[in-house]
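Open your viewer and get ready to select a few pieces one after another. Each stop on this tour tells you what to click and what you will find there.

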Amino acid sequence: MSYFRAENLSLHFGGLKAVDAVSFAVEKGEILSIIGPNGAGKSSIFNLISRIYRPTSGRIFFEDQDITEQPPYDIAKLGIARTFQNIELFENATVLSNLLVGRHRHSTTQLWQELLFLPSVRASEKVHRRRVEQVIELLDLEPYRDKLISGLPYGVRKVIELARALCSEPKLILLDEPSSGLNVEETDDMSFWIRDMKSELGVTVLMVEHDMSLVNRVSDRVIALNYGRVLAMGSPAEVQQHPDVVAAYLGA
Amino acid sequence: MRFLFKTDYEDDIKLIPHSGYVVTYGILLALLLIAPYVLSSYLMSQLVFVCIYATVGVALLILTGFTGQASLGHAAFLAIGAYTAAYLQKYNVPFPVYFLAAGLLTGIIGAMVGFPALRLTGIYLVIATISLALIVEEILARWESVTNGNEGMRVKTLSLLGVTVPRDSPTFYYLCLAVLVLTIVGTLNLLRSPTGRAFVAIRDSETAARSMGVNVALYKVKSFAISAAITGFAGVLFAHKLSFISPEMFTLQLSIEFIIVILIGGTFSLHGAVLGAIFIVMIDPFLTYLKDDMPGIIAGVAATFGASSATAGNIQSKVAAFASLNGLKGAIYGIIIVLFVLFEPLGLYGRWLKIKLFFQLFPLYKRATFKRQKIYVKSERNR
């Protein structure tokens, strides 16, 4: 059985088939990229997995558990974290508290304990803080700890979103266009981090990406989508040479 | 200017970042403790109201400031707390019991309001909470067997552990102050733990909060319940302070006053609730003063500039008539809100921070320091 699996996943908005009977599987520890032209349904698949949308039909399995009907907040508790294409950070909070929200799925303290800030809460806060610091170190975010998000540049925000997802210690991470809006150096950094996530943290990565050089550098396998359907699946080189993929991109 | 060198994760958690806080807040607390022996009884009474309003302000900050759920229904929660106290008093329930019962009941009702509010945001939520306020006001007027209807209820003098505590005694003031301080400390604790961060996350992006594992519905209900419960506690003190409660004390205007408390104080910090409470409690005697003295002053000025005594008298009576117009107070409140939102969106506390920074950085302070930069504007949002 695969680690993560989508079976005949469909999402229809009225007559528009945003995602149309898509099936794929992700193996544990691999980096799988989803590519495709604008409107191909890539982000919709992510939103289906994280339950922002409810699939019209089809099922999603994670670690052999059917998660199609799980409420959205349970998806994160299972160990699936995500980033967003158009950065969804908590604007009026500091970087540190943004990252600590990432730790939410590990928090076990009760409301009354928190009101009194009992030693148990203090201890667990320190554990959270230490874990967050490890991620800060990994992604070089030291200068920004106490800064408000609203004052930070785009590139940094992109990294903070990745950091927030990593803080939840996910088993599977969904990256929605990690390099969009980043310059060449930042994209380079991003590709190193994605590979580090796989090799050092053992995170499985599912990624939507337009930048083919990034896709080629990091992906183990690639899925190409168009009009909500799977065009091709395989190694980066295979997919790029697939006639349907070439046709979809070049309009031949 | 002080630079903090953090050497321990504790430094990010503790409530008192450095020794300066101990000094300033220690002095403030000492002044508040000796206040009953220094200030006049009128000012003491105002100070008690400041404590009560600030407590409600903190409650409203939890809901509106930190969870981002607007509420114009807090007068209703205050009323529920006040009436619970007055009703249980009839059966000789001791103070600690009905104090807790009032908070608990208001909290439960707050949670019940939270559930339908889950599907509402922004202006729709405001309307829903307004209707709560109207419904509660109506119930208080109609449910005569419990609330005595429009005739109102007398609230007996507070008796704590066998000692009577009159509403103008220092002990009552200390009680209100203690409730305020405990509320503030509890809220600060909440804000530095997962629940508080979940509240802020919901305020800034529900989608992201959800995808980080925050059960948005649960935390919204929690926020409503906590906020209502604190308001209920404040309601008990409010009832004792007034010694008589009736439905027309808990109108929409009171809810608006609570909104003013946090808007004018500043919605991003608990300091705002206290500053806003001082503002709202002090503006009332100030407006009364204007109403009583302004007509005479204006007539006097007119007379100095050569108006005949008849014209001056005419002006005086016209200004006096204007000053006693119905709803003028509401209009002034409205203007104050608009001016603050336009020119001082960070509120009084934001202004204080700016003044402080001006002196810290002198002469290098720039006006743009606090200007919010829009580096990146969201193009599309998942709602």
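Before the first stop, one term: an axis here is a line fitted to C-alpha atoms, for helices over the stretch in contact, and angles run from 0 to 180 degrees between N-to-C directions. Keep in mind too that this is a predicted model.

**Stop 1: two helices in chain B**

Select residues 252–265 of chain B, which form helix α12, and residues 328–343 of chain B, which form helix α15. The axes of these two helices come within 10 Å, and they cross at roughly 25 degrees. Angles under 35 degrees count as roughly parallel, so α12(B) is roughly parallel to α15(B). Their crossing is left-handed.

Now show the side chains where the two helices meet. From α12(B), pick Q253(B), I256(B), I260(B), L263(B) and I264(B). From α15(B), pick G330(B), Y333(B), I336(B), I337(B), F340(B) and V341(B). Which classes of residue make up this contact of α12(B) with α15(B)? There are nine nonpolar residues, two polar ones and no charged ones.

**Stop 2**

Move to chain A and colour its strands β6, β7, β8, β3, β9 and β10. In that order, these six strands form an open sheet with mixed pairing. Which strands stand at the edges? They are β6 (80–82) and β10 (229–234) of chain A; each has a single partner strand, so one side of each is left without a neighbour in the sheet. Neighbouring strands of this sheet are turned by 20 degrees against each other on average, direction ignored.

Next, select β3 (residues 31–35) of chain A and β9 (residues 221–226) of chain A; these strands run parallel and are joined by four bridges.

**Stop 3: a covered strand, β8(A)**

Stay with the sheet and select β8 (204–208) of chain A. Is this strand buried or exposed? Five of the five residues of β8(A) are buried, so the strand is largely enclosed by the rest of the structure. A residue counts as buried if 20 or more other C-beta atoms lie within 10 Å of its own. On one side of β8(A) you will find T204(A), L206(A) and V208(A), with V205(A) and M207(A) on the other, and both faces are covered.

Look at the strands that pair with β8(A). Four bridges link it in parallel to β3(A), where L32(A) has L206(A) as its bridge partner. Five bridges link β8(A) in parallel to β7(A), and there I173(A) stands opposite V205(A).

**Stop 4: helices across the sheet**

Helix α7 (residues 184–201) lies across β3, β7 and β8 of chain A, running at about 155 degrees to β8(A). Helix α10 (residues 243–250) of chain A lies across β9 and β10 of chain A, running at about 125 degrees to β10(A).

**Stop 5: where the chains meet**

Select helix α3 (residues 95–102) of chain A. How many of its eight residues are buried? Seven are, among them V95(A), L99(A) and V101(A). The buried residues of α3(A) pack against α5 (119–138) and α6 of chain A together with α9 (194–204) of chain B.

Now show both chains. In all, 32 residues of chain B are in contact with 42 residues of chain A. On the chain B side, α1 (10–13), α8 (170–191), α9 and α10 (206–211) each give two or more residues. The largest share, seven residues, comes from α9(B). By class, this side of chain B divides into 12 nonpolar, 12 polar and eight charged residues.

**Stop 6**

Most residues other than glycine have a negative phi, and most peptide bonds are trans. Here are places to look for something else.

- E169(A), in the loop between α6 (154–167) and β7 (172–176) of chain A, has a positive phi of about 45 degrees although it is not a glycine. With 17 C-beta neighbours inside 10 Å, E169(A) counts as partly exposed.
- S243(B), in the loop between α11 (216–242) and β4 (244–245) of chain B, has a positive phi of about 60 degrees and is not a glycine. S243(B) is partly exposed, with 15 other C-beta atoms within 10 Å.
- F362(B) and P363(B) are joined by a cis peptide bond, with omega about 5 degrees. P363(B) lies in the segment after α16 (347–361) of chain B.

Conventions:
Residues are numbered from 1 along each chain as its sequence is written. Chains are lettered from A and ligands numbered from 1 in the order in which they are written. This is a predicted model: local features need pLDDT of at least 70, side-chain atom pairs count only at pLDDT 80 or more; totals for chains, interfaces and linings use all residues. A residue is buried if 20 or more other C-beta atoms lie within 10 Å of its own, exposed if 12 or fewer, and partly exposed in between; C-beta atoms are placed from the backbone. Two strands pair if DSSP finds at least two bridges between them. Two residues are in contact if their C-beta atoms, placed from the backbone, lie within 7 Å. Angles under 35 degrees count as roughly parallel, over 145 as roughly antiparallel, 65 to 115 as roughly perpendicular and the rest as oblique. A crossing is left-handed if the near helix is turned anticlockwise from the far one by less than a right angle, and right-handed if clockwise. Ala, Val, Leu, Ile, Met, Phe, Trp, Tyr, Cys and Pro count as nonpolar, Asp, Glu, Lys and Arg as charged, and the others, Gly among them, as polar.
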